[in-house]
Amino acid sequence: IRRYPSAVLMTREGQELLISALVGKYFPDLVPLYGDFPPRVTDGLDAAAEQSVVFRSLDRRDWNQAAAYSEAIIRRWGPLADQQQAAYLNSTKESQTRTAPYATFWALHLVGTSYYNLGRVYFEWGDRAKAAEAFQTLTHRYPSAVLKDRHGKEWPLAMSVRKFFPELTP
């Protein structure tokens with residue numbers, strides 16, 4: 001579990017689950033031995049693996065799983081993303097119009113992408129109010145975020161929301 005915290009188990013129904021989360025749920029006596037589940041890491045590797053589960057869920061139109069993992073990423077990495085957004089805005093005057101470098105501000109971009117994906121899920125569920133709220137949170141709270149798609153292509157935040165959800169763009 002410590003060596004491969006992002007290992008994923010595929011169920012017969014085609015649902016992907018983090019093995020570490022299953023161990024924590026079904027074998028709680030192991031939690032004191034291995035720590036919190038899913039384990040917390042200090043770099044973006046585990047978070048990136050969780051984001052890949054979101055993308056695969058979106059591809060399969062498994063909205064429930066995509067929403068659950070997106071919300072988990074936001075809860076887990078949101079405080080660091082807030083710090084990174086503030087640090088970037090304080091680092092340069094030009095930052096008001098530019099996006100932050102991906103490698104340095106990975107949590108900012110990961111959480112921004114998670115809000116974007118959560119907005120997509122709400123949109124697919126037909127809840128335009130919650131979709132608009134997710135996009136609004138994204139644009140106001142993380143204006144320097146770069147949205148990274150499943151192929152690794154980076155999209156500026158405003159362009160992504162306008163391109164894919166023009167009716168929800170202010």
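I take buried to mean under 20% relative accessible area. By that cut-off, Trp-77 is buried, and Trp-106 is buried as well. I keep in mind throughout that this is a predicted model.

**Overall layout**

I started with the secondary structure. I find seven helices and four strands. Along the sequence they run β-β-α-α-α-α-α-α-β-β-α. The chain has 170 residues, and 41% of them count as buried. I then looked at contacts between residues at least 6 apart in sequence; 60% of these join residues at least 24 apart.

**Nonpolar core**

Which residues have the most contacts inside the largest nonpolar core? I list Leu-58, Trp-77, Val-111, Tyr-116, Leu-138 and Tyr-142. The core itself has 36 residues. Helices α3 (45-59), α4, α5, α6 and α7 each supply at least two of its residues. Helix α5 gives the most, with 11 residues.

**Aromatic pairs**

I count five aromatic pairs. One of them joins Trp-77 and Trp-106. Their ring centres are 5.0 Å apart, with 70° between the planes. Planes over 60 degrees apart count as edge-to-face, so I log this pair as edge-to-face. Trp-77 is in helix α4 (residues 63-91) and Trp-106 is in helix α5. The two are 29 residues apart, so I note a link between distant parts of the chain.

Next I looked up Tyr-116 and Phe-135. This pair is tilted, at 5.7 Å centre to centre and 45° between the planes. Tyr-116 belongs to helix α5 and Phe-135 to helix α6, 19 residues apart. This pair, too, links distant parts of the chain.

**Helix α6**

At 1.5 Å a residue, its 14 residues should span 20 Å. The end C-alpha atoms are 19 Å apart, which agrees.

Where do its buried residues point? I find Ala-131, Ala-134, Phe-135 and Leu-138 buried in α6. Down the helix axis they fall within an arc of 90°, so they line one face. The face turned away from the buried side carries the exposed residues Ala-129, Glu-133 and His-140. I then asked what the buried residues of α6 pack against. The partners are α5 (106-124), β3 (146-148) and α7 (157-164).

**Phe-165**

I moved on to the segment after α7, where Phe-165 sits. Its relative accessible area is 6%, so Phe-165 is buried. Which residues does Phe-165 contact, leaving aside neighbours within four places in sequence? I get Tyr-116, Arg-120, Phe-123, Phe-135 and Ser-160. Both members of the tilted pair, Tyr-116 and Phe-135, are on that list. I also checked the C-alpha separation of Phe-165 and Arg-120. They are 45 residues apart along the chain, and their C-alpha atoms are separated by 8.6 Å.

**A charge over a ring**

Last, I looked at Lys-153 and Trp-155. The charged end of Lys-153 sits over the ring of Trp-155. The distance to the ring centre is 4.4 Å.

Technical notes: Residues numbered from 1 in each chain as written. Predicted model: local features only at pLDDT ≥ 70, side-chain atom pairs only at ≥ 80, totals over all residues. Heavy atoms only, no water. Expected span 1.5 Å × (residues − 1). Buried < 20%, exposed > 50% of the residue type's maximum accessible area, 1.4 Å probe, protein only. Arc of directions from axis to C-beta. Contact = heavy atoms within 4.5 Å. Phe/Tyr/Trp six-rings, centres within 6.5 Å; stacked < 30°, edge-to-face > 60°. Lys NZ or Arg CZ within 6 Å of the ring centre and 35° of its normal. Core = buried A, V, L, I, M, F, W, Y, C linked by side-chain atoms within 4.5 Å.
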